[in-house]
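Subject: Structure handover

Hello,

Here is the structure for you to take over.

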Amino acid sequence: MAVCEVLERCPFFNDVMTGMPEHAELFKQLYCHGGNDICARYMVFRKLGRDAVPKDLYPNEVSRANTLIAGALKPARKG
């Protein structure tokens with residue numbers, strides 16, 4: 001898998017992780033350089049769009065991503 005298409009503009013790495021370069025590099029190796037299909041941020045981006053990705057969502061928060069996706073895709077109940 002190629003480098004993540006949104007890496008250069010990813011607010012997680014450009015804002016949240018700026019003070020932790022070692023951790024940022026580890027996350028990038030795991031999730032952005034070949035593993036973006038298991039990245040929680042990328043999962044939300046692909047299903048719901050860029051604006052739906054919370055800035056504080058970590059790449060390893062797959063459970064949270066699944067909850068966000070399921071909630072957004074759930075049909076509205078008729079009352």
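**What was found**

Helix H1 (11-16), helix H2 (21-32) and helix H3 (40-48) each contribute at least two residues to the lining of the largest pocket. Please keep in mind that this is a predicted model.

The pocket first. The volume of the largest pocket is about 240 Å³. Its lining is made up of 16 residues, and those nearest the centre of the pocket are Val6, Cys10, Pro11, Arg41 and Val53. H3 gives the largest share of this lining, with three residues. Sorted by class, the lining of the largest pocket contains 13 nonpolar residues and three charged ones, with no polar residues.

Now the cysteines. How many disulfides does the structure hold? The count is zero. A disulfide is a covalent bond between the sulfur atoms of two cysteines. For cysteine 4, the closest cysteine sulfur belongs to cysteine 32 and lies 5.8 Å away, so the two are too far apart for a bond. The cut-off used for a disulfide is a pair of cysteine sulfur atoms within 2.5 Å.

Regards

Note on methods:
Residues are numbered from 1 along each chain as its sequence is written. This is a predicted model: local features need pLDDT of at least 70, side-chain atom pairs count only at pLDDT 80 or more; totals for chains, interfaces and linings use all residues. Side-chain values use heavy atoms; hydrogens and water are left out. On a 1 Å grid over the protein atoms alone, a cavity is a set of points where a 1.4 Å probe fits but cannot get out, and a pocket is an open set with protein on both sides within 12 Å along at least five of seven lines; lining residues have an atom within 4 Å of a point. Grid points are joined across faces, edges and corners, and a volume is the space filled by probe spheres set on the points. Helices (H or I, at least four residues) and strands (E, at least two) are DSSP runs, numbered from the N terminus. Ala, Val, Leu, Ile, Met, Phe, Trp, Tyr, Cys and Pro count as nonpolar, Asp, Glu, Lys and Arg as charged, and the others, Gly among them, as polar.
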